[in-house]
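Here are my notes for you, in numbered points. Please keep the structure open beside them as you read.

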Amino acid sequence: MTSLLIRGRLLSFKRAPLSRDDAASYSYEPDGAVLVVDGTIRASGSYGEVIEEAEDGVPEVDHRPHLILPGFIDTHLHFPQMQVIGSYAANLLEWLNTYTFIEEQRFADPAHGARIAVRFFDEMLRHGTTTAVANCSVHKASADAFFAESLKRNMRMIAGKVMMDRNAPEALRDTARSGYDDTKQVISDWHGKGRNHVAITPRFAITSTPEQMEASGALAREYPDLHVQTHLSENREEIEFTCSLYPDAKDYTDIYDRYGLLGPKSLFGHCIHLSDREADVMSESGSVAVHCPTSNLFLGSGLFPLRRLTQREKPVRVAFATDIGGGTSYSMLRTLDEAYKIQQLLGERLNPFESFYFATLGNAEALSLSDRIGTLEPGTDADLVVLNAAATPAMALKMEAVSTLSEELFLLQTLGDDRSVVETYVAGKASKSTIGIAG
Ligand code: GUN
Ligand code: ZN
């Protein structure tokens, strides 16, 4: 049995905060501790109470005055796009065709996938992200590389081999049959190994034939517990092209609906331009709209209507994500900052408690994984991030003027990035020190 007592200021959420004053939505311990036993949180709360539960002589790490939160959760990104970030393009379809569909071909080579996987997990840990939902490339080898590295690091990751059988270079196309077979193989090789979860991953309706959509739906029926991830309603041109490929569908969302791909485990990247009918269907099926703010701004895709989706008679479940490499930062702090600015442009407010809720418990709930991650509740995985709101000279100076937790969180999201991440714990193991050792 290995135990560790991690001391610091604790913040974790109980539910979505309704306002900046909604103190009942979170718990905050100014002198708190998390007791970890064999990778799981045994107790958390005030230091005085938690120390009572620890065995004598338990090793202790003191992170005061820093903040300890559940590790960040990133609900949508692309593992093979680490070298696509920052590619100059006018819009989504140009960006995909000019850079992305070229770069992803390199992942046919297992050695390339293995090298990038090491860098990918290093970057996650550097940024305090302990769970991510990843699209791999079309090649099964890319999913193998991803999951092998995830297993090595004992991280709770969700990922899938992308299925795409049209409207992409030949080297990046599978078939309805091979996409189905390879996905089944990935599931049997990796799902449930360590903390790995496999997601059924048709890239989007443009790159899948009706036969492949059928096959994706068949997988979703065969494995109802698995997540489904894809893209929806990101860009006006994309929507028009998609609907032209499926002329019988009522709209873009209806395409996925017809193939049985909506549901509480289904994650739809972007969802910027949904009609009321589409939002109703998303809501009724419990599907999740994944907001990717840095990507939406970078590609000029549009402003995510957070309030229109969440504050309606039939609310849509929402999660936040980086969307690397359409997204421009691995940092969930940078992502929260851009999400805030998008709501500013829409004349809406996003308060700092709500933002940090999304990066932790909110995203865990969207993944139906809040019994394991996104919280400091006893019995859950000890995946933690330790944050310093005075990590840079500019932050330290501003920190002099900060007097409330809300202001501190807002400073962290406005000026913070990987420099604010003091430590990242994966199943109770301090992991930042391992960055750069492998590969
Ligand atoms: N739609 C289909 N594929 C992609 C992708 O790789 N990135 C983004 N942002 N949108 C997509
Ligand atoms: Zn994406």
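Before we start, a word on the names used for elements: helices (H or I, at least four residues) and strands (E, at least two) are DSSP runs, numbered from the N terminus.

1. Is G57 buried or exposed? G57 counts as exposed, because it has 7 C-beta neighbours inside 10 Å and the cut-off for exposed is 12 or fewer. G57 and S3 are 54 residues apart in sequence, yet their C-alpha atoms are 9.8 Å apart in space.

2. **Confidence.** Please bear in mind that this is a predicted model. The average pLDDT of the chain is 97, and 99% of the residues score at least 70. For the complex, the predictor gives an ipTM of 0.99 and a pTM of 0.98.

3. **Two domains.** The domain assignment divides the chain into domain 1 (3–70 + 376–430) and domain 2 (72–350). Their centres, taken over C-alpha atoms, are separated by 30 Å. Where they meet, 14 residues of domain 1 are in contact with 17 residues of domain 2. On the domain 1 side, the elements that give two or more residues are α15 (405–415) and β15 (421–426). By class, that side of domain 1 has five nonpolar, five polar and four charged residues.

4. **Helix α15 again.** Which residues of α15 are buried? They are E408, L409, F410, L411, L412, Q413 and L415. These buried residues pack against α12 (332–345), α13, β14 (384–387) and α14 (393–399).

5. In soluble globular proteins, nonpolar side chains tend to be buried together. Here the largest nonpolar core has 132 residues, and those with the most contacts inside it are I6, V34, A134, F146, A159, A289 and L384. Helix α13 (residues 352–366) supplies the largest share of this core, eight residues. Domain 1 and domain 2 each give at least three residues to this core.

6. **L384 up close.** L384 is one of the residues with the most contacts inside that core. Leaving out residues up to four places away in sequence, L384 touches I6, V34, I68, L69, P70, G71 and Y425. I6 and V34, among these partners, are also listed with the most contacts inside the core.

7. **The ligand shell.** Around ligand 1 you will find H78, L92, L96, T100, R203, F204, H231, E234, S295, D323 and G326. Which helix gives the largest share of this shell? Helix α2 (residues 92–103) does, with three residues. By class, the shell divides into three nonpolar, five polar and three charged residues.

8. **A132 in its strand.** A132 sits in strand β6 (residues 129–135). A132 is buried, because 30 other C-beta atoms lie within 10 Å and the cut-off for buried is 20 or more. Apart from neighbours within four places in sequence, A132 is in contact with D74, L77, M124 and M157. A132 and F79 are 53 residues apart in sequence, and the distance between their C-alpha atoms is 9.8 Å.

9. **Backbone spots to check.** Most residues other than glycine have a negative phi, and most peptide bonds are trans. The peptide bond from R64 to P65 is cis, with omega near 10 degrees, and P65 is found in strand β4 (residues 60–70). Another cis peptide bond joins I324 and G325, where omega is about 0 degrees; G325 is in the loop between β13 (317–320) and α12.

10. **Two positive phi values.** C271, though not a glycine, has a positive phi of about 50 degrees. C271 lies in the loop between β11 (266–270) and α9 (276–285), and it is buried, with 26 other C-beta atoms within 10 Å. S368, also not a glycine, has a positive phi of about 55 degrees. S368 lies in the loop between α13 and β14 and is partly exposed, with 15 other C-beta atoms within 10 Å.

Conventions:
Residues are numbered from 1 along each chain as its sequence is written. Chains are lettered from A and ligands numbered from 1 in the order in which they are written. This is a predicted model: local features need pLDDT of at least 70, side-chain atom pairs count only at pLDDT 80 or more; totals for chains, interfaces and linings use all residues. A nonpolar core is a set of buried Ala, Val, Leu, Ile, Met, Phe, Trp, Tyr and Cys residues joined through C-beta atoms within 7 Å. Domain bounds come from an automatic or database domain assignment. Two residues are in contact if their C-beta atoms, placed from the backbone, lie within 7 Å. A residue is near a molecule or strand if its C-beta atom, placed from the backbone, lies within 6 Å of it. Ala, Val, Leu, Ile, Met, Phe, Trp, Tyr, Cys and Pro count as nonpolar, Asp, Glu, Lys and Arg as charged, and the others, Gly among them, as polar. pLDDT is the predictor's confidence in each residue, from 0 to 100.
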